[in-house]
Amino acid sequence: MKTKIITALLTAAMAVSFAACGQTEETTSSGEAAQQSTQVSESGSQEGAEATQEQTLTVWCWDSFNVDAMKTAGEIYEADHPGVKIDVVETVSSDIQTLVQTYAMSGELNALPDIFLMDDQVFAKYLQNYPEVFADLTDSGINFSDFAASKVANSVSGGRNYGVPYDSNTVIACYRTDYLEQAGYTIDDLTDITWDEFIAIGEDVLAKTGMPMLTNVQGEPDLLNMILQSAGISVFDEQGNIALVDNDGLKYAMNIYMELVQKGILQEQTDWSGYQGSINNGTVVGTINGSWICATIMSTDQAEQEGNWAVTNMPKLNDYDGAANYSAQGGSTWAISSTCSNYDLAVDFFNTTWAGSTEFYDRILTDLGAIATYLPAADSEAYNQTSDYFGGEAIYSKIVSYGSMIPTVNKGIYWSEEKEALGVALANVLGGTTDLDSAIAEAQATVEFNIGQ
């Protein structure tokens with residue numbers, strides 16, 4: 001039976017890999033990359049191929065944004081290291097997860113690339129289930145204290161480090177200052193405040209301008225999860241079991257979210273397109289999300305919005321013990337595979353770029369808008385440049401500094417299952433089909449069933 005399962009997964013993985021062909025003329029499919037890696041590793045008599053492999057690092061990552069950032073790191077490193085090539089292969093995030101699982105189950109670890117990108121929300125799950133895939137970076141010389149602690153925590157297991165943090169997932173609150181001014185408020189009135197204070201302001205702004213303060217996708221508990229992390233609240237116990245029932249912190253946060261919706265302060269959208277549209281069309285005052293939302297805000301073609309946006313921290317969970325005004329949402333982390341063709345080269349590459357160069361982060365910020373979770377970048381010239389779009393403020397330095405203050409929580413390994421169940425729970429309560437306690441109990445049962453507990 002196990003053989004049949006592995007065969008099926010390998011077939012699916014090959015189908016996924018070949019489907020990646022043809023995305024761009026310069027992009028090698030993940031299947032071809034895996035085959036090349038296997039062929040070279042198995043051809044011990046082909047000395048020329050081995051020499052080339054020793055100086056080539058193959059990287060899997062998704063989206064042109066991430067691909068371009070890694071290519072920039074490659075260009076910088078290759079310039080000072082003749083004979084080294086960083087070969088970036090565009091591979092969809094879900095495909096990477098499928099291939100990691102498939103090659104781990106089949107024992108074909110040599111088919112993996114030297115380096116791959118992994119979504120922060122699932123890194124811990126794959127690290128626990130397939131530890132043989134990941135190289136231990138604890139004693140690599142990479143200074144993990146240079147990164148936000150909450151970000152590093154996503155790729156730590158048993159006190160050991162298995163990933164190099166990449167993009168900032170620091171949560172920011174972004175508001176239209178022109179709308180706030182109409183209601184008699186400034187960005188300072190929304191800085192370092194509690195959710196109760198925010199709700200009071202939100203009600204007043206809505207009454208005076210007709211504009212809801214926030215926007216979110218209906219059925220997506222992203223904002224709820226941000227509130228939970230900002231207060232250091234986990235929905236998993238120390239053994240990794242789902243812990244929704246009798247979780248007072250969760251119930252407190254859910255009540256805050258529902259109050260925002262019920263009072264019209266938070267406007268729920270049917271999908272992501274509607275969410276983006278509400279921001280770009282100016283039908284809401286602002287949004288709270290990961291710092292990558294800046295790209296959406298600045299993508300609007302409505303000139304009147306330039307200069308009318310400001311960034312601050314999110315509200316904290318009132319008087320909840322340990323509550324802060326900082327949280328995280330989304331993001332990803334680099335991993336080096338355990339079968340990396342040249343581990344020392346890969347580590348040196350990271351120490352020279354992603355884990356050791358503010359100049360590199362300046363470049364990808366300027367060229368791509370990629371915001372770092374690398375703390376030393378906050379002091380660089382590029383990060384302290386002001387943004388005309390955000391009222392002439394140095395928002396990028398501010399965002400990096402926020403990252404150092406995010407509470408670290410136990411996110412467990414079943415984040416996807418938890419997110420889906422809590423989204424249903426919120427929708428059911430807001431829709432009036434059930435009460436909060438029953439919705440939480442149902443969510444707990446659903447997650448336990450889905451993960452086999």
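**Pockets, cavities and a helix pair**

Modeller: By class, the lining of the second largest pocket has 7 nonpolar, 10 polar and 4 charged residues. Keep in mind that this is a predicted model.

Biologist: Which element gives the most to the lining of the second largest pocket?

Modeller: This pocket has a volume of about 440 Å³, and 21 residues line it, with A124, V156, N410, G412 and I413 nearest its centre. Two elements, α6 (120–129) and β4 (156–157), each supply at least two residues of that lining. The one that gives the most, with 5 residues, is α6.

Biologist: What is the volume of the largest pocket?

Modeller: Its lining holds 28 residues, and those closest to the centre are F65, D167, W292, G330 and G331. At least two lining residues come from each of α4 (63–80), α13 (293–298) and α17. By class the lining has 12 nonpolar, 11 polar and 5 charged residues. The volume of the largest pocket is about 800 Å³.

Biologist: How many charged residues are in the lining of the second largest cavity?

Modeller: About 50 Å³ of space lies in this cavity. Its lining includes L214, M226, Y275 and N289, and β8 (214–217), α10 and β10 (286–290) each supply at least two residues. The lining divides into 6 nonpolar and 4 polar residues, and the number of charged residues is none.

Biologist: Are α17 and α18 roughly parallel or antiparallel to each other?

Modeller: The axes of α17 (residues 415–430) and α18 (residues 436–451) come within 9 Å and cross at roughly 155°. An angle over 145 degrees counts as roughly antiparallel. The two helices are therefore roughly antiparallel.

Biologist: How many residues of the contact of α17 with α18 are nonpolar?

Modeller: The crossing of these helices is right-handed. From α17 the contact takes E417, E418, A421, A425 and V429, and from α18 it takes L436, A439, A443, V447, N450 and I451. Of the contact residues, 1 is polar and 2 are charged, while the number of nonpolar ones is 8.

Key:
Residues are numbered from 1 along each chain as its sequence is written. This is a predicted model: local features need pLDDT of at least 70, side-chain atom pairs count only at pLDDT 80 or more; totals for chains, interfaces and linings use all residues. Side-chain values use heavy atoms; hydrogens and water are left out. Axes are lines fitted to C-alpha atoms, for helices over the stretch in contact, and angles run from 0 to 180 degrees between N-to-C directions. Helices (H or I, at least four residues) and strands (E, at least two) are DSSP runs, numbered from the N terminus. Angles under 35 degrees count as roughly parallel, over 145 as roughly antiparallel, 65 to 115 as roughly perpendicular and the rest as oblique. A crossing is left-handed if the near helix is turned anticlockwise from the far one by less than a right angle, and right-handed if clockwise. Contact means heavy atoms within 4.5 Å. Ala, Val, Leu, Ile, Met, Phe, Trp, Tyr, Cys and Pro count as nonpolar, Asp, Glu, Lys and Arg as charged, and the others, Gly among them, as polar. On a 1 Å grid over the protein atoms alone, a cavity is a set of points where a 1.4 Å probe fits but cannot get out, and a pocket is an open set with protein on both sides within 12 Å along at least five of seven lines; lining residues have an atom within 4 Å of a point. Grid points are joined across faces, edges and corners, and a volume is the space filled by probe spheres set on the points.
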